[in-house]
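Reader: I'm new to this one. Can you walk me through it?
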Amino acid sequence: MVEVYLVGNSSQYCVISPTSVHGKADIRIWVAILLDSETPDRHNFDLFANESLPNHVGYAKVKITLIDENDNQPIFSQPPYSLQKSPWGPPC
């Protein structure tokens, strides 16, 4: 049996599934809480797999960089703009 776990400063932001496996398995990392690029925008932690035998430990470094998304609606300086077709045809 292999136990799988996360270690590091940002490990509380994610969870893994499954946490223990027999043989070969896909390990998935899920976001545990809503992440915001403004606080902080980078998360680093290690994924460990331990077979409970001496020297049978594997790990992978996980680095997540969040990209900012515009979460604010645009603000215009006047009421909605209105566009009309020009009587002289399309611009040159």
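Author: Let's go through the rings, the core, a strand pair and a record annotation. Keep in mind that this is a predicted model.

Reader: Rings, then. How many aromatic pairs does the structure hold?
Author: It holds two aromatic pairs. In one of them, the ring centres of Tyr-5 and Phe-48 are 5.7 Å apart and the planes meet at 15°, so that pair is stacked.

Reader: Where do Tyr-5 and Phe-48 lie?
Author: Tyr-5 is in strand 1, residues 2-7. Phe-48 is in strand 5, residues 42-50. The pair therefore ties together parts that are 43 residues apart in sequence.

Reader: And what does Phe-48 do with Tyr-59?
Author: Phe-48 and Tyr-59 form an aromatic pair too, and it is stacked. The centres are 5.6 Å apart, with 25° between the planes. Tyr-59 sits in strand 6, residues 57-65, and Phe-48 in strand 5, so this pair ties together parts that are eleven residues apart in sequence.

Reader: Which residues end up in the ring cluster?
Author: Tyr-5, Phe-48 and Tyr-59 are linked into a cluster by ring pairs.

Reader: Is Tyr-59 buried or exposed?
Author: Exposed, because its relative accessibility is 53% and the cut-off for exposed is over 50%. Tyr-5 has 34%, so Tyr-5 counts as partly exposed.

Reader: New topic. Which residues make up the largest nonpolar core?
Author: That core has ten residues.

Reader: Pick a core residue. What does Leu-6 touch?
Author: Leaving out residues up to four places away in sequence, Leu-6 touches Ser-11, Cys-14, Val-15, Ile-16, Phe-45, Asp-46 and Leu-47.

Reader: Back to strands. How many bridges join strand 5 to strand 6?
Author: Nine, and the two strands run antiparallel. Their hairpin has six residues between the strands. Ser-52 takes a positive phi there, near 60°.

Reader: What is the bridge partner of His-43?
Author: Ile-64, in strand 6. His-43 itself is in strand 5.

Reader: Is His-43 buried or exposed?
Author: Buried: its relative accessibility is 2%, and the cut-off for buried is under 20%.

Reader: What does His-43 touch?
Author: Not counting residues up to four places away in sequence, His-43 touches Ser-10, Tyr-13, Leu-35, Val-62, Lys-63, Ile-64 and Leu-66.

Reader: Where is Leu-35?
Author: Leu-35 is in the loop between strand 4 (28-31) and strand 5. Its relative accessibility is 22%, so Leu-35 counts as partly exposed. Setting aside neighbours within four places in sequence, Leu-35 is in contact with Tyr-13, His-43 and Leu-66.

Reader: What separates Leu-35 and Tyr-13?
Author: Along the chain, 22 residues. Between their C-alpha atoms, 7.8 Å.

Reader: Last one. Which residues does the UniProt annotation cover?
Author: In an unreviewed UniProt entry, "domain: Cadherin" is annotated for residues 35-76. That span is 0% helix and 43% strand. Its end C-alpha atoms lie 29 Å apart.

Notes
Residues are numbered from 1 along each chain as its sequence is written. This is a predicted model: local features need pLDDT of at least 70, side-chain atom pairs count only at pLDDT 80 or more; totals for chains, interfaces and linings use all residues. Side-chain values use heavy atoms; hydrogens and water are left out. Rings of Phe, Tyr and Trp (its six-membered ring) pair if their centres lie within 6.5 Å; planes under 30 degrees apart count as stacked, over 60 as edge-to-face and the rest as tilted. Helices (H or I, at least four residues) and strands (E, at least two) are DSSP runs, numbered from the N terminus. Buried means under 20% relative accessible area, exposed over 50%, partly exposed in between (1.4 Å probe, protein chains only). UniProt positions are given in the numbering used here, feature names are shortened, and annotations may be inferred rather than shown by experiment. Contact means heavy atoms within 4.5 Å. A nonpolar core is a set of buried Ala, Val, Leu, Ile, Met, Phe, Trp, Tyr and Cys residues joined through side-chain atoms within 4.5 Å. Two strands pair if DSSP finds at least two bridges between them.
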